[in-house]
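Please read the report below alongside the sequence and the model.

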Amino acid sequence: MAAALHLNAKPFNLCSPSIRLPKSSPSPFRVKCSAGTSPSRRYNIALLPGDGIGPEVIAVAKDVLNFAASLEGIGFDYKEMPVGGAALDLTGVPLPDETLLAAKESDAILFGAIGGYKWDDNPKHLKPETGLLQLRKGLGVFANLRPATVFPQLVDASTLKREVAEGVDLMVVRELTGGIYFGQPRGFKTSENGEEIGFNTEVYAAQEIDRVARVAFNNARKRQGRVCSVDKANVLEASILWRKRVTAIAAEYPDVELSHMYVDNAAMQLIREPKQFDTILTNNIFGDILSDAASMITGSIGMLPSASLRESGPGLFEPIHGSAPDIAGQDKANPLATVLSAAMLLKYGLGEENAAKRIEAAVLDTLDKGFRTGDIYSAGCKRVGCKEMGEELLKSIESHKLATV
Ligand code: IPM
Ligand code: MG
């Protein structure tokens, strides 16, 4: 199940001011989204747009997914279900039973984003984020793949110097259903001297570490063959066990090189010399933090897709960014992280590599042509909104329709 997301980026940047870009048009033409053939393979997709920019980026990703897949003879049946704040408003809970059931019964789940100011002060069990955590746990998707690839076209959008960012291509494998996110005991209480206390537990069982470690090693095999396991074994017992188990599992993979790094050092090394990393294997909370840091190397968190998987059963595919309520409904969001998540859905979730490649190629082509949403804009490029980015992706897929992938 664990293959590397490989993006065949072209080594040039068409975004310099000297390059002529297509004239902006207030009403870009619509591309016909039908391949004209009846699909030979059909899949059920649970579509969970969620909150904020979620519905906007999901709408774009769905069109792109449909078109690219149709060219490979693939058709989809979608079931759209509420999650997060949208579900709270509709049903009073962030993950209705019907949504979890639809997700479990699907072949793959495409998820947008959750959260918003409106629900910020809700108690923990009624926060939109709780819905996402329940979904991950309910599906048992323990391995979260978060690739961070610096596209040559976006090197200048990175906050890091060109020579540091250029060529970065790493994969964070984050444990997703254990650790401090789910550990017991947790809660609030009052101490003996009457002070309020909030507490959580970082806990890992050996088999939880073993199975995610195997995903990382398998992944590394299809990449550069290097795993860096990140922990805090100088302080935390759960990390001491983590390091012991990862080292034991490494014996099954003599062809993969294993190193260990403390998380504070890893955060520093990601900024100092990110190219040293191939596959980073880490726990739930360190993976949450390090993947956000890694996203900045690529120019924007709006570029990073993810796949959450288990041994069998449907995978969950979502951008790593949040719901960005500040720009929701303004057609400003970058849909590429969700579009690339749809490519991961095809590749990792359905084993439909060719359709995935069509999407990845369209993303590169559209960036090559200079189209940028605000978050990745740099001088000389053509600024577009979420919808127009989607239309450019469809045009690109259309124009490469006859290409063999
Ligand atoms: C992520 C997010 C989530 C997490 C939140 C929304 C619960 O930050 O997917 O990285 O902490 O896992
Ligand atoms: Mg996060």
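In sorting residues by class, Ala, Val, Leu, Ile, Met, Phe, Trp, Tyr, Cys and Pro count as nonpolar, Asp, Glu, Lys and Arg as charged, and the others, Gly among them, as polar. By these classes, the shell around ligand 1 holds one nonpolar, no polar and five charged residues. This is a predicted model, in which local features need pLDDT of at least 70 and side-chain atom pairs count only at pLDDT 80 or more, while totals for chains, interfaces and linings use all residues. Residues are numbered from 1 along each chain as its sequence is written, and side-chain values use heavy atoms, with hydrogens and water left out.

The residues around ligand 1, each having a heavy atom within 4 Å of it, are E129, R136, R146, R174, Y181 and D288.

| Side chain | Distance to an oxygen atom of ligand 1 |
|---|---|
| R146 | 2.8 Å |
| R174 | 2.8 Å |
| Y181 | 2.6 Å |

Taken alone, ligand 1 exposes 320 Å², of which the protein buries 78%, with areas from the Shrake-Rupley method and a 1.4 Å probe.

Aromatic rings of Phe, Tyr and Trp (its six-membered ring) pair if their centres lie within 6.5 Å, and planes under 30 degrees apart count as stacked, over 60 as edge-to-face and the rest as tilted. The count by this rule comes to four aromatic pairs. One of them, F76 with Y78, is tilted, at 5.8 Å centre to centre and 50° between the planes, whereas F217 and Y253 form a stacked pair, at 5.0 Å and 15°.

Definitions and conventions: Chains are lettered from A and ligands numbered from 1 in the order in which they are written. A polar contact is a pair of N or O atoms within 3.5 Å; within protein, one must be able to donate a hydrogen and the other to accept it, and residues adjacent in sequence count only if both atoms are side-chain atoms.
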